Every structure is written in structure tokens, then in C-alpha cells.
Amino acid sequence: MSGVSFTDVRKTYSDGTIVAVDDFNLEIADGEFVSIVGPSGSGKSTLLRMVAGLEGISGGEIRIGDRVVNDVAPQNRGVAMVFQNYALYPHMSVRKNMSYGLKLTTDLPKSEIDSRVEEAARMMGIEGMLEKRPGNLSGGQQQRVATGRAIVREPEVFLMDEPLSNLDAKLRLHMRTELQRIQEELDTTTIYVTHDQEEAMTMSDRVVVLADGQLQQVAPPEEVYDNPANRFVAEFIGSPTMNFFDGVLGGGTLVGEGFRYELPPDRVDRVEERRTGDHLVLGVRPERIRLAEPDDRDSIPAVVDVVEPIGSDNYVYLLIDDVECTIRVPSDVRPTEGDRVRIAFDDSDVHVFDGETEENLLVSAEHRIREPSKAAQ
Ligand code: ADP
């Protein structure tokens with residue numbers, strides 16, 4: 001098996017006028033499960049298709065193991081891809097769909113092909129469906145066939161492009177755990193593309209966040225959540241999304257519309273070191289804000305706009321002057337709409353972003369993947 005490495009990988013379309021992927025660098029370890037997440041158009045599929053060999057590479061180098069694959073034909077790269085629409089042949093049985101690629105690209109004896117198909121079908125729980133046609137299967141079963149077809153190839157690398165997007169919510173949750181189980185069992189390097197940050201966060205060893213073809217951050221899920229490298233990552237990861245409050249720093253206190261927040265002295269030093277101007281943005285996640293006790297230091301007055309129960313918790317939408325703020329509180333905390341309340345949060349849950357570069361000024365150097373000067377360009 002093999003890892004995958006990207007060195008200064010670039011992809012442009014239309015004579016260089018569209019930059020789909022820009023100077024992308026990443027080392028994926030052998031056996032690792034890496035998700036690539038980002039909004040539509042951020043370059044996720046292009047990256048995956050370049051590894052598969054379905055798209056050419058405009059610049060840089062992609063390696064699978066220690067082999068540069070830039071000019072290697074797709075069928076010789078040792079990869080197997082699972083597509084969102086499954087791409088099954090409708091006129092072939094499940095068995096044929098799963099064995100066809102092997103018959104075409106290897107000279108394995110029929111007995112070996114049969115036993116690989118049966119083993120993959122067993123892993124995917126579709127042993128009883130081998131003689132059926134895809135049209136007679138549910139969406140979930142077709143997804144299993146598509147994954148089984150990738151497994152029989154015994155690839156060095158699995159490439160998965162939104163493989164669960166066409167399933168209903170409940171089945172999607174179930175298949176997440178199934179795919180994780182299979183990946184752990186086979187220990188095959190996996191690159192998984194999704195626009196669903198929750199899928200990326202729950203399934204992967206590391207999450208790659210992309211925006212406009214540029215790598216924003218690559219880190220284990222909890223680190224992306226706790227130490228987002230910049231405002232884009234902070235906003236994209238986590239639901240409901242992080243709250244942001246614009247302010248101006250003076251004498252260690254951030255002052256914005258309807259609030260003052262005194263930064264702890266050690267944090268003032270870190271912010272001072274890297275900020276490019278006075279405009280800063282405070283960020284706090286909804287689940288890290290509470291309704292305050294009257295004596296909470298620096299609590300902020302707000303008015304309750306809407307209360308939305310979600311069962312285990314309540315989302316409370318507040319207005320701080322005219323700025324919207326969402327908090328997530330236990331279900332027994334249920335203020336009334338129109339109430340005047342105070343909110344508070346711990347210093348350790350506060351993120352501070354530069355108003356210009358949007359870099360997180362509090363994350364230490366090892367979490368940053370770009371220098372502030374480049375981010376500001
Ligand atoms: P994602 O998978 O994140 O939605 P894509 O990789 O599909 O993003 O696309 C990245 C960018 O490249 C987008 O701006 C898209 O419009 C552009 N793009 C993708 N394929 C082509 C193509 N064949 N020709 C021109 N532009 C393309």
C-alpha cells in the first residue's frame with residue numbers, strides 16, 4: 001500500500017484563466033483517511049480527479065507511493081474510485097459489475113476474481129444480490145455495489161467523490177460508519193471528497209479544508225474545530241456556525257457594537273505580535289456561550305429574538321444591539337422571546353481574527369499553513 005503526496009500541484013482551465021487548484025501541497029500517509037471539504041467550486045473534485053488520472057495536471061507533481069503518476073494512465077495508478085452517481089452498468093448483474101474491471105485490466109484467473117467478488121460482497125452485505133441488476137436495487141444497495149467494485153480491485157488508494165450524497169439522511173449516517181469500518185479493516189489509504197463538514201469531521205483522520213482552490217488548513221478534526229487557522233475555516237466547520245463580532249482594539253480591550261471584551265494579557269501580546277491593523281473580529285462558537293449569572297465578568301447584554309428547541313438543546317437567537325448571535329444551551333434553559341439577558345463565555349473559547357488577513361491571531365505557528373502575508377494577498 002501507499003501514501004499520496006502532492007507537491008505544488010496546480011490545475012487551470014480555459015488557457016489559465018480559471019485556477020481550479022493553486023499550489024497545493026500535502027502528504028497523505030499510507031493507510032490514512034483524509035477528507036477534502038469545502039464549498040461547491042473550491043476544487044475538491046478536481047484534486048481527486050487529478051489523482052485518479054481523469055484530469056491532467058497543469059503544474060507540480062502527484063506521487064502514489066514513491067512513483068510520480070502525472071503521466072501514468074488511470075488504470076495503471078493503483079487507484080479505485082467511487083462516484084456520487086455510482087456509475088454502475090445497468091445491463092450487467094451485480095456480480096458482473098464488480099468483476100468487469102478486474103477482467104479488463106488484469107489476467108487473474110476466474111476463480112480468483114470470483115473469490116474476490118464474493119469476499120467484497122460479504123464485506124458490503126450484498127452476497128444475496130450478486131445475480132440482480134442495479135435497477136432492481138435501492139440507492140443504498142447500489143452504493144454498496146459501487147464500493148464493493150472498488151474493493152475487489154485491491155487498490156493502493158481509494159478515491160471517493162461524495163459517495164453518500166444521494167442517500168437519505170438516515171442511510172447516510174449508517175453508511176458513514178460502514179465505510180469507516182471497511183477502511184479500517186482494509187487499511188487502504190483513502191481520499192474522500194465531501195461538501196458536508198460533518199461527514200468530514202466524523203470520518204477522517206485528517207480534514208483538508210479548501211476554498212477557491214487554496215488549502216486553508218489540514219489537521220485532525222478536533223484541531224480544525226478548536227484551532228481554525230482562519231475565519232473561513234472557523235465559519236465552515238461547526239453547525240450552527242461560529243458567531244463573529246467586529247471590534248476595534250485599544251489598550252487590550254476590544255470594543256464593538258454593544259460589547260466590550262477585555263483580552264487576557266498573554267493573549268493581548270499574541271494579538272499585538274501579528275495583527276495588521278486595529279480592526280479585529282471576535283469569534284465564539286454557539287455551544288461555548290452561556291446565559292450569564294449577574295456577576296459574570298464582562299457579560300454582554302442581549303435581547304432574545306427566537307428560541308428554537310431541537311430536542312436535546314435549544315438554539316437561542318439573540319440580538320446584541322443589531323448584531324445577531326446564536327447560542328446553544330441545554331433544553332431546560334429556555335428564555336422567553338423579548339427577554340433582556342446577559343451572555344458570557346470563557347476566555348479559552350474566544351478566537352480573535354485579524355480584520356484584514358482573517359488569520360486566527362491566537363493559533364500557534366504549527367497550526368498555520370500560510371504566512372499572514374500570503375493570506376492577505
Ligand atoms: P468542487 O468539487 O469543490 O465543487 P471543482 O473541482 O468541480 O469544485 O471545480 C473547481 C473550479 O474549477 C470551479 O471554478 C469550476 O467551475 C472549475 N472547473 C472544473 N472543471 C472545469 C472544466 N472542465 N472546465 C472549466 N472549468 C472547470
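The model is predicted, so local features need pLDDT of at least 70 and side-chain atom pairs count only at pLDDT 80 or more, while totals for chains, interfaces and linings use all residues. Residues are numbered from 1 along each chain as its sequence is written, and side-chain values use heavy atoms, with hydrogens and water left out.

**Whole chain**

- The chain holds 10 helices and 20 strands; helices (H or I, at least four residues) and strands (E, at least two) are DSSP runs, numbered from the N terminus.
- The C-alpha trace spans about 75 × 45 × 35 Å along its principal axes.
- Of the 377 residues, 50% are buried (buried means under 20% relative accessible area, exposed over 50%, partly exposed in between, with a 1.4 Å probe and protein chains only).
- For contacts between residues at least 6 apart in sequence, 67% join residues at least 24 apart; a contact means heavy atoms within 4.5 Å.

**Surface and charge**

- Lys and Arg count as positive and Asp and Glu as negative, while His and the chain ends are not counted; the place of a charge is NZ of Lys, CZ of Arg, CG of Asp or CD of Glu.
- D30, E184, D187 and D205 form a negative surface patch.
- Patches are made of residues with over 30% relative accessible area and no salt bridge, like charges being joined within 9 Å and nonpolar side chains (Val, Leu, Ile, Met, Phe, Trp, Tyr) within 5 Å; a salt bridge is a side-chain nitrogen of Lys or Arg within 4 Å of a carboxyl oxygen of Asp or Glu.
- E184 belongs to helix α5 (residues 169–186) and counts as exposed because its relative accessibility is 59%.

**Buried residues**

- V79 lies in strand β6 (residues 79–82) and is buried, as its relative accessible area is 9%.
- Apart from neighbours within four places in sequence, V79 is in contact with V51, A52, I64, P74, R153, P155, V157 and L159.
- Between V79 and I64 the separation is 15 residues in sequence and 9.0 Å in space, C-alpha to C-alpha.
- T46 sits in helix α1 (residues 44–52), and its relative accessible area of 12% makes T46 buried.
- With residues up to four places away in sequence not counted, T46 touches K11, Y13, A20 and V21.

Technical notes. Accessible areas come from the Shrake-Rupley method with a 1.4 Å probe; for residues, only the protein chains shown count as cover.
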